Amino acid sequence: MKDSNDPVEPGKAVGGAKGPDELRQQIQETRGQLGDTVEELAAKADVKARARARGAELKDKASEAGHAVQDKATEAGHVVQGKAVEAGHVVQDKAVQAGHVVQDKAVQAGHVVQSRATQAGHAVQDNVPQPVRTAVTNAVQAGKRHPRPVLIAGAGVVVAAGLLRRRHNGHH
């Protein structure tokens with residue numbers, strides 16, 4: 001049996017060519033096939049080009065993966081931001097509610113203090129003898145009509161009280 005890679009004997013037709021034109025045609029086809037085969041072998045032998053191609057392919061895959069990670073991180077950031085805003089609103093609402101509770105309690109306490117002060121004022125007023133009440137009322141009305149003498153007298157009382165206090169505490 002004859003191998004297809006065996007050299008062709010001169011003068012014999014390859015593959016049963018029926019004439020010189022057909023033989024030329026077969027030679028052209030064989031040359032084309034050999035050229036393709038040589039190019040494939042050269043490409044396989046060109047390690048640098050294959051490495052560059054593989055590197056470019058890996059770079060593209062890494063870039064795609066990086067974009068996917070970036071998109072997921074952005075999405076996660078939006079989710080976290082939304083939850084933070086929602087939590088902020090909850091805290092703000094609770095703070096407003098607590099402020100209202102404190103305000104209500106302060107108003108209630110103010111009413112209690114005012115009521116007790118009114119009761120104490122009435123108790124004092126009821127226990128002060130009538131002549132003292134009359135004298136105080138007259139002094140207040142006189143002070144309203146002539147404030148300057150009342151201010152001077154008040155200043156004198158303050159100075160006298162200060163001097164008495166200093167003597168009482170041992171300062172001469």
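Guide: What follows is a quick chat about this chain, which is a predicted model.

Visitor: Okay, what secondary structure does the chain have?
Guide: Four helices and zero strands. Going along the sequence, the pattern reads α-α-α-α.

Visitor: And is the chain more spread out or more compact than a globule?
Guide: More spread out. The radius of gyration is 57 Å, while the globule rule gives 16 Å for 172 residues, so the chain is well over that value.

Visitor: What does the C-alpha trace span along its principal axes?
Guide: About 160 × 40 × 35 Å.

Visitor: How much of the chain is buried, then?
Guide: Buried residues are 1% of the 172 in the chain. The accessible surface comes to about 15,400 Å², and 61% of that belongs to carbon and sulfur atoms.

Visitor: Switching topic: how many positive and negative side chains are there?
Guide: There are 24 positive and 19 negative ones. The centres of those two sets sit 30 Å apart.

Visitor: Let's zoom in on helix α2. Where does it run?
Guide: Helix α2 covers residues 47-127. A87 is found there, and V124 lies in helix α2 too.

Visitor: What about V124 and L23?
Guide: Those two are 101 residues apart along the chain, and their C-alpha atoms are separated by 141 Å.

Visitor: Last topic: what's the mean pLDDT of the chain?
Guide: The mean is 84, and 90% of the residues reach 70 or more.

Visitor: In which helix is confidence highest, and in which is it lowest?
Guide: Highest in helix α2, with a mean of 90, and lowest in helix α3, residues 130-145, at 81.

Visitor: And where does pLDDT stay under 50?
Guide: Over residues 9-14, for which the model has four contacts beyond four places in sequence.

Methods
Residues numbered from 1 in each chain as written. Predicted model: local features only at pLDDT ≥ 70, side-chain atom pairs only at ≥ 80, totals over all residues. Heavy atoms only, no water. Helix = DSSP H or I, 4+ residues; strand = E, 2+ residues; numbered from the N terminus. Rg over C-alpha atoms; globule rule 2.2 N^0.38 Å. Buried < 20%, exposed > 50% of the residue type's maximum accessible area, 1.4 Å probe, protein only. Areas by Shrake-Rupley, 256 points an atom, 1.4 Å probe, with all protein chains shown as cover. Lys, Arg positive; Asp, Glu negative; His and termini not counted. Charge placed at Lys NZ, Arg CZ, Asp CG, Glu CD. pLDDT = per-residue confidence, 0-100. Contact = heavy atoms within 4.5 Å.
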